[in-house]
Amino acid sequence: MNIQNFTRSKSAYSDAFAQKIKEARDSKSKGELITINPENVWESIESGSEQQRPDV
């Protein structure tokens, strides 16, 4: 293989989408996720949002 002719292919994803994926992975590594119950999605989201709110 000739290294000089090697080119990296462009990602199929937009830069904005790739940035959102990076941010999601960063949030995951910090533990900033909520658990969703598929049987009751909206209640899970609401209770997860309340858990992330700072105490006032």
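Accessible areas here come from the Shrake-Rupley method with a 1.4 Å probe, and for residues only the protein chains shown count as cover. By that method the protein exposes about 5,900 Å², of which carbon and sulfur atoms supply 51%.

A word on the source. This is a predicted model, in which local features need pLDDT of at least 70 and side-chain atom pairs count only at pLDDT 80 or more, while totals for chains, interfaces and linings use all residues. Residues are numbered from 1 along each chain as its sequence is written, and side-chain values use heavy atoms, with hydrogens and water left out.

I turn to the overall picture. The protein has 56 residues, and 4% of them count as buried; buried means under 20% relative accessible area, exposed over 50%, and partly exposed in between, with a 1.4 Å probe and protein chains only. Its secondary structure comes to two helices and zero strands. Helices (H or I, at least four residues) and strands (E, at least two) are DSSP runs, numbered from the N terminus.

Helix 1 has 15 residues and reaches 21 Å from its first C-alpha to its last, close to the 21 Å expected; the expected span is 1.5 Å times one less than the number of residues. After helix 1 comes G31, with a positive phi near 80°.

Which residues form the salt bridge? D26 forms it with K22, and their closest N and O atoms are 3.1 Å apart. The term requires a side-chain nitrogen of Lys or Arg within 4 Å of a carboxyl oxygen of Asp or Glu. A search of the whole structure finds one such bridge. Both D26 and K22 lie in helix 1, four residues apart, about one turn of the helix. D26 is partly exposed at 32% relative accessibility, and K22 is partly exposed at 46%.

Finally, Y13, F17 and I21 form a nonpolar surface patch, with about 300 Å² of accessible area together. Y13 is exposed at 54%, whereas F17 is partly exposed at 39%. Patches are made of residues with over 30% relative accessible area and no salt bridge, like charges being joined within 9 Å and nonpolar side chains (Val, Leu, Ile, Met, Phe, Trp, Tyr) within 5 Å.
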